[in-house]
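Welcome, and please have your viewer open and ready. We will go from stop to stop, with something to select at each one.

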Amino acid sequence: YYNDRINFKNEADLNLGLTSFALINLDEFDKITQRQQIVLKYLVSTADLKYRPPYGKAYQQHRRYASFIGTTNEPMPLTDPSGSRRFVCVQVAGSIDFHTPIDYRQLYAQLVQELADGTRYWLTKDEEQALMTHNLRYQQLNGLSEMLLALYRKPEGDEEGQWLSLKDISARMKEVYKDGYSEAHGMLVKIGGILSQPEYEFDRRRKAQGMEYRVVERCNKI
């Protein structure tokens, strides 16, 4: 049921692992390349795999059973902002207990009972947004625009959004990204330039204290 060795470069090995094990441990997750993370994002999202088994003559459809866990010493292991909702990042602050026995029979019994009762096992849209915001602190964002657009989006449909000044936006980015963001000289002008670009074109208005932009924080539950 458990495996801690899987080769992303070998498609046959990868397919067999996904359809044969329940839990795959990606030890030293930071060693996975950005391209492999994109592949992993796809694998986590698909329920079935179609492939031709070794010595087989035809493609067959197989159910994907595997879920993934991983460990890393890298404080920001995520490289794909659009795939961050597929990960639950947890910072371990103390030593891991390897000695206390786990009652696996009771653990599995509880899981089977919850499935039989129809307990929801997927995330709602609000929970996905909360998870993405939680994972911002573990996200490698290489540019100001990536950081800004990972935190804010344009209002959709009947959403009112909120009007924020450039100073408000910069202060919130500092609060979320901490040392990953520096309010250097000219940063407010750069933020305003990004929000005004044609491909983004956030609504804006001029007030006495300067320009304000209408935005929606992707999740304001931090």
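This is a predicted model: local features need pLDDT of at least 70, side-chain atom pairs count only at pLDDT 80 or more; totals for chains, interfaces and linings use all residues.

Within H1 (residues 11-20) they are Leu-14, Asn-15, Gly-17, Leu-18 and Thr-19.

Stay with Thr-19, which lies in helix H1. Is Thr-19 buried or exposed? Its relative accessibility is 13%, and the cut-off for buried is under 20%, so Thr-19 counts as buried. Show its side chain next: a polar atom there lies 2.9 Å from the backbone oxygen of Asn-15. Then bring up the contacts of Thr-19 beyond its neighbours within four places in sequence, which are Leu-49, Tyr-51, His-62, Arg-63, Arg-64 and Tyr-65.

## Stop two: Glu-28

Move to the loop between S2 and H2, where you will find Glu-28. Check its backbone torsions: phi is near 55°, a positive value in a residue other than glycine. Most residues other than glycine have a negative phi. With a relative accessible area of 28%, Glu-28 is partly exposed.

## Stop three: helix H5 and helix H6

Select helix H5 (residues 144-151) together with helix H6 (residues 166-177). How do the two axes cross? They come within 11 Å and cross at roughly 90°, which makes H5 roughly perpendicular to H6. To see the contact, display Leu-144, Met-147, Leu-148, Ala-150 and Leu-151 on H5, and Ile-169, Arg-172, Met-173, Val-176 and Tyr-177 on H6. Coloured by class, the contact of H5 with H6 shows nine nonpolar residues, one charged and no polar.

## Stop four: helix H5 and helix H7

The crossing of H5 past H7 is right-handed.

Which residues meet here, in H5 and in H7? From H5 come Leu-144, Ser-145 and Leu-148, and from H7 come Met-187, Lys-190, Ile-191, Ile-194 and Leu-195. Colour this contact of H5 with H7 by class as well, and you get six nonpolar residues, one polar and one charged.

Note on methods. Residues are numbered from 1 along each chain as its sequence is written. Side-chain values use heavy atoms; hydrogens and water are left out. Buried means under 20% relative accessible area, exposed over 50%, partly exposed in between (1.4 Å probe, protein chains only). Helices (H or I, at least four residues) and strands (E, at least two) are DSSP runs, numbered from the N terminus. Axes are lines fitted to C-alpha atoms, for helices over the stretch in contact, and angles run from 0 to 180 degrees between N-to-C directions. A crossing is left-handed if the near helix is turned anticlockwise from the far one by less than a right angle, and right-handed if clockwise. Contact means heavy atoms within 4.5 Å. Ala, Val, Leu, Ile, Met, Phe, Trp, Tyr, Cys and Pro count as nonpolar, Asp, Glu, Lys and Arg as charged, and the others, Gly among them, as polar. Angles under 35 degrees count as roughly parallel, over 145 as roughly antiparallel, 65 to 115 as roughly perpendicular and the rest as oblique. A polar contact is a pair of N or O atoms within 3.5 Å; within protein, one must be able to donate a hydrogen and the other to accept it, and residues adjacent in sequence count only if both atoms are side-chain atoms.
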